[in-house]
Structure formats: structure tokens, C-alpha cells
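Colleague: Could you give me a close look at one part of this model? I'd like a single walk-through, with the cut-offs spelled out as you go.

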Amino acid sequence: MTLTNAQYAQMIVAAVLGIVFFLMLYRVSERSCLAFLILLIPFQIIDTRYGSVNTILVYVAAFTFMLQHRLTRLPFFGPMAAVLFVFLLSFSQSPPAARTYHVIYLVGFFSNVLLFYMIYNFLLRTGDWKFILRCLLVLNVLVIIYCAIQFWYGSERVTFFGIREFSLNPIRNDGRLVGPFKATAETAEYLTFQCLLLSFVFLFKPSARMRWAGIALVTVNLLFLIATGNRGGFVTIIFGTLCFLFVFRRELGFARVAKILIGGTTLFVAMGIIAVNFTDYGMLFERLQDTEIEEGGIPDTRSLVWPLAWAEIVKKPIVGHGPKLAISTRERRVADIEYVRFPHNLFLHLMYTTGIVGTAAWVFFFCAMAERFIRTRHSGIPDTQLAAMPRLALIVLTVFFVSQLRIEFLRESLLDYQNYLFVLFAWFLAMSDLIAARAIESRPVRGFGRQPPPSNSPASP
């Protein structure tokens, strides 16, 4: 793969930024560093098929944290090691001409692992889980600003300082909002998750200012979700809302559940009316109306790509074709590797890239995560908000599984969204560990045999 002068310039700039960031890490706090990395996730300042500056910054931060003895624990090691092992196994069986592309993909994916452990270690040492929640809410505001600019300018690319690398994604050619994550489905999934996080904040009766700010965020999230025109996003926001109301029905009570259902439905309909009548982004409802289910229960938009993906899967069903799916593209063919379209389904993506072995490893990864949440969902610790987090984690994980039937988060072009997901995974898992530790601390200490009498009462004969 040859590099152009512009790509060499980008690599030099990225290296300089990495060095500057490394020096700054010795002067700024760990919280500031993690907040910067989280808030930078959707905004890939330099992003090419060879990598992004965000990836370099994550590697630099992880290396610095290791030197500072902040990155010392490897919790959830077994499931994570299984995923990395099957990636390497699949890589070993890939065509030699494709291995450079697979290496670039693996380098990018490993930044997810490093970010995961940086967040995990920070939370285990500090227990400050609300700090990550605040970062995620601020990130939601930044994503909304990005979407608002894209929403307003449409197909026109917004460029800052005349530099193409400092530009925002335009809308899709079919007029749909893509947001900062370069895919309508992932943007819709992100907005759904953020609505669930905001609903969780409402659950514990925040201040009036926070409540109104949250309602505003949910309103704009719904508007931009509709603007993506993503039918799966429509399904997941409804499914996620119903799951949330069911799981937290006791905390909410019948009256609040009814109010949320009525208010949420009214808000969604109002945003739909605005999108259809006053913007160019009302195609969601037309697409829902035109949806057809083919024979075998396959949606019409997947009737071509799913059979094509399966035809390639059966050629290498055990270890797959390699970690990266798209080696050859329409514009560039690598050796004799066929161009393969994304299957728009996580299961098919895993089967194609890592085969049965890799799919089993990822099932183990997610089942181990779910088991942690199930085990700590009824802990009884005094902090009721923290105690409720495993149930929120189970809702998010369930919605994620449903959503991934229509998209695959492991696409190489979605590294920024992978970073976001691994921050969520680390946050939820670390909170489960905190809950388990606090539950042990809160248990009454019992001695062996009879308890000794109180010191102010006479001893028993």
C-alpha cells in the first residue's frame, strides 16, 4: 500500500500530536485525560484507512498510564483474551495479500481494549462511576451539536479552516442524517442508548434544571433519530423504552409509567410531524410503510446481502476469512480476493470474519458480561442509584443484541463507535464489581457459634 504526500503529512501531524499528548499526560489529572479521550470519540480529526489520531492518543495514554502504575489490573480477562485469540487465529489463516489490511484493523481494534481497561482501572480505584455518566451526557450534547450542523447544511460538507481533515460528514446521498459515526444505524443506536441513560437519570428525581435539560436532550435525540431514516432505530427506541418501563415498573409506579408512555408517544409523534412537514428528513415513515418481508422472514433490504454473505461463510466456516471484512472494495481489488458487501448483521459478520470459533468466543464475551449484571441486579446496597445500574446494563445489552441484527459494530469504518461501546462495557462491568464489593462490606459480620453479649450487660453464666 503506497502513501500519498497528504497521508504522509497526516502521519507526521498525528505523531506530533501523540508526542505533545504524552508530555501533557504528566501535567494533567487522570480524570481530565479520560474525559478528553471520551469526548473526542466521535470526532476523528484525522481519519484514514490506515488509522486515526484518536487511536494514537489512546495508545499513548495507555502507555503513560502503565508507566504511572495506573493500568495494573486486567479484570474480565478471560472473555477479552478469548476475543483477541480468535482474531489472531483468524488472521493466521487469512490470505497473505490481505494480512497488512488485517494488521491495521487489529491495531485499531486493540485501542478498544486499552480504552476499556483504562476506564475499568480508574473506576476500580476511585469508584467515581458518576464521572463517566457526566462524560457520556456531555458527549451527547457534542454529538447533538454535530448532528445539528449536519442537519442544517445537508449535503454540503462543512470544512473548518479550509482543511479537509477538519470537516464534518455530509448527509447520505439518499438524504439521511448519518451523524458523526458515519452510519445511520449506529447513530440511531447511539441516540437510543443515550435516551435510555437519560431515562435512568429521570428515574431518581433529579433537580428541576437537570430534568428540563434532560427532556430537551431526549427531544432532540428523537428528532435526529427520525432524521436518520433508520427503520431499525425506530424499532429499537420503542423496544428499549418498553424494556425500561417493564424493568423499572416498581420504582416508577403505574401512574409514572402511564405518564411516560403518553408523554413519550406524544413527543415522538410531534418530532415526526416536524420532520415530515418542516424538514427534508421525514423519510423514516415512508420507509416503514414500504418495508416488505421476503420468504424465510428476511427483510427486503437484506434479501441480497444475507445470502451472499452466507455463500462466503460456508467456504471457511471454522475460523473465517480474517478479522477485517472488507479487503477488496468496488474501487480497489486486492489479489484475487472477492469484494464482499457488509451483511448488515453481526452474526453473519462474525461468521464470515472469524467463523464458528470466533462467534463462540464473542457469545462467551457477551454471556459473561450478562452474567455479571444478572448476579448483581438485586444487591440491596444502600446506594439505590448504583444498585439499579446492572438492570440498566441488561436493558442496554438486550437492545444492543436486537439492534445488531441489522448492523455490525465491528466494521472497520466504525472504530469510533466501537470506542464508545467499550467505554459503556467497562463502565457497566466496573459498576457491577463495585456493587459486589459494597454488598460484601455491608453484610453483618457473624462470629462462630453464639454471639458475645453486649459489653453493658452482664455475662451469661
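**A close look at helix α5**

Modeller: Let's start with α5, whose 28 residues reach 41 Å from first C-alpha to last, close to the 40 Å expected at 1.5 Å a residue (the expected span is 1.5 Å times one less than the number of residues). Helices here are DSSP runs of H or I with at least four residues, strands are E runs of at least two, and both are numbered from the N terminus. Before going on: this is a predicted model, where local features need pLDDT of at least 70 and side-chain atom pairs count only at pLDDT 80 or more, while totals for chains, interfaces and linings use all residues. Residues are numbered from 1 along each chain as its sequence is written, and side-chain values use heavy atoms, with hydrogens and water left out.

Of the 28 residues in α5, 20 are buried, so the helix is largely enclosed by the rest of the structure. Buried means under 20% relative accessible area, exposed means over 50%, and partly exposed is in between, using a 1.4 Å probe and protein chains only. For scale, 51% of the chain's 461 residues count as buried.

Now zoom in on G108, which sits in α5 (residues 99-126). G108 counts as buried because its relative accessibility is 8%. Neighbours within four places in sequence aside, G108 is in contact with T55 and L415, contact being heavy atoms within 4.5 Å. N54 is 54 residues from G108 along the chain, and their C-alpha atoms are 9.6 Å apart.

K324 lies in the loop between α12 (305-313) and α13 (346-376), and it is buried, with a relative accessible area of 12%. The side chain of K324 also makes a polar contact with that of E412, at 3.4 Å. A polar contact is a pair of N or O atoms within 3.5 Å; within protein, one must be able to donate a hydrogen and the other to accept it, and residues adjacent in sequence count only if both atoms are side-chain atoms.

Stepping back, the chain has 16 helices and 2 strands. Among its contacts with a separation of 6 or more, 77% come from residues 24 or more positions apart.
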